[in-house]
Amino acid sequence: MSEKNKILLYLVITLSLSYLYQVFIAVVAPDVTSEKFTNLALILMYFPGVIAIIFTSFFQERWSNLGLKIRRPLLWLYSLVIPLIITILLLVFIQLLGGEQKVFSMQDYNVSFLDKNPVSLGVFIPLFSLNFTVTACLTGIFTIGEELGWRGYLQNKMIQVFGLIPGIVILGLVWGYWHLPIILMGYNFPEYPILGALIFMPLTTIGFSLIFAWLTLRSKSIWPAVLAHGAINTLLSNSVIDRIEVPEKILLYLLIVSLWSIAGIIAGIKLNSDFKNGKIQNLTFH
């Protein structure tokens with residue numbers, strides 16, 4: 001079977017099963033803020049990866065194609081630093097635009113995160129860094145399910161069939177619309193579910209995909225994407241978003257989409273440059 005047909009078959013099966021499961025979630029756990037919804041949604045994250053494993057086995061493809069080897073661990077720092085910088089920029093813009101953020105607070109040179117006990121800046125930085133890293137790694141237990149499918153199985157095939165940047169952009173669109181049913185339920189963008197499902201989520205995941213592509217192709221491994229995905233989910237969790245106050249919620253969503261889209265464009269330019277300059281020797285995990 002050609003790579004193009006494998007892509008098509010993978011997407012048909014993954015999207016069909018995922019959509020059916022999301023409809024099931026909508027029936028048994030319609031409240032997106034409930035613990036039951038969260039637990040069921042975590043299971044959904046494994047669908048792309050499990051199907052990728054089945055495809056790899058069925059079509060007798062090389063397991064090394066999935067990028068599971070641990071390589072160039074220093075590049076993993078970008079997986080933590082990039083989401084953190086973008087989140088800090090988001091909070092700065094919120095303040096400049098007349099909103100208020102209660103994510104970080106500082107008083108008399110003491111800093112706190114999410115209303116925890118304030119500590120001195122010298123203590124806060126290492127404590128926060130450790131906590132953030134551990135949380136991102138733990139969240140990676142679930143994001144590996146998506147990244148094994150999107151980056152491990154599908155990314156290289158999309159690039160091979162559609163080209164470097166177009167393939168990654170298409171992958172980002174697919175990833176965004178994979179979330180369609182639960183976004184329409186009110187997940188992530190509760191005030192604007194239709195706009196969130198059709199516009200905000202796909203644009204954001206295109207930005208994510210360009211960044212993750214640079215991380216994975218430079219490192220020849222999916223693990224930096226797993227960690228970055230975990231870091232993003234940590235920093236965009238409800239415990240963070242709920243502590244950001246803006247006159248209109250759409251302003252917050254537009255800022256998130258815009259910042260990640262800009263970051264994605266920068267990553268795409270860097271990725272293309274690295275490939276032309278030989279820093280990325282080939283567009284696979286070998």
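Modeller: In this predicted model, Lys270 is partly exposed, with a relative accessible area of 33%. Its side chain meets that of Asp274 in a salt bridge, at 3.2 Å from N to O. Both residues belong to helix H11 (residues 249-276), where 4 residues, about one turn of the helix, separate them. The two partners fall on opposite sides of the 20% limit below which a residue counts as buried: Lys270, at 33%, is partly exposed, whereas Asp274 is buried, with a relative accessible area of 1%. Elsewhere, salt bridges with shared partners join Glu3, Lys6, Glu61 and Lys157 into one network. In total, the structure holds 8 salt bridges.

Lys6 is buried, with a relative accessible area of 9%. Glu3 also meets Lys157 in a salt bridge, here at 3.0 Å, N to O. Because Glu3 lies in helix H1 and Lys157 in helix H5 (residues 121-162), this pair ties together parts that are 154 residues apart in sequence. Lys157 is likewise buried, with a relative accessible area of 5%.

Helix H1 has a further partner in helix H2 (residues 35-44): the two pack at an angle of about 175°, and their axes are 10 Å apart. Since an angle over 145 degrees counts as roughly antiparallel, H1 and H2 are described as roughly antiparallel to each other. On the H1 side the contact is made by Ser18, Tyr21, Gln22, Phe24, Ile25 and Val28; H2 contributes Lys36, Phe37, Leu40, Ala41, Ile43 and Leu44. By class, these contact residues comprise 9 nonpolar, 2 polar and 1 charged.

The strands may be taken next. An open sheet of 3 strands has the order S2-S3-S4 and antiparallel pairing. Its edges are strand S2 (104-107) and strand S4 (119-120), each of which pairs on one side only. S2 is joined to S3 by 4 bridges, in the antiparallel sense, and Ser105 has Ser112 in S3 as its bridge partner. Strand S3 (residues 110-113) pairs with S4 over 2 bridges, again antiparallel; here Val111 is partnered by Val119 of S4. S2 and S3 form a hairpin with 2 residues between them, and Asp108 in the turn has a positive phi of about 55°.

Positive phi values also occur in loops. Gln60, although not a glycine, has a positive phi of about 50°. This residue is placed in the loop between helix H3 (47-58) and helix H4 (76-96), and Gln60 is exposed, with a relative accessible area of 73%. Asn188, also not a glycine, has a positive phi of about 70°. Its place is the loop between helix H7 (180-184) and helix H8 (193-219), where Asn188 is partly exposed, with a relative accessible area of 35%.

Conventions:
Residues numbered from 1 in each chain as written. Predicted model: local features only at pLDDT ≥ 70, side-chain atom pairs only at ≥ 80, totals over all residues. Heavy atoms only, no water. Salt bridge = Lys/Arg side-chain N within 4 Å of Asp/Glu carboxyl O. Buried < 20%, exposed > 50% of the residue type's maximum accessible area, 1.4 Å probe, protein only. Axes fitted to C-alpha atoms, helices over the stretch in contact; angles between N-to-C directions. Parallel < 35°, antiparallel > 145°, perpendicular 65-115°, else oblique. Contact = heavy atoms within 4.5 Å. Nonpolar A, V, L, I, M, F, W, Y, C, P; charged D, E, K, R; others polar. Pairing = 2+ DSSP bridges.
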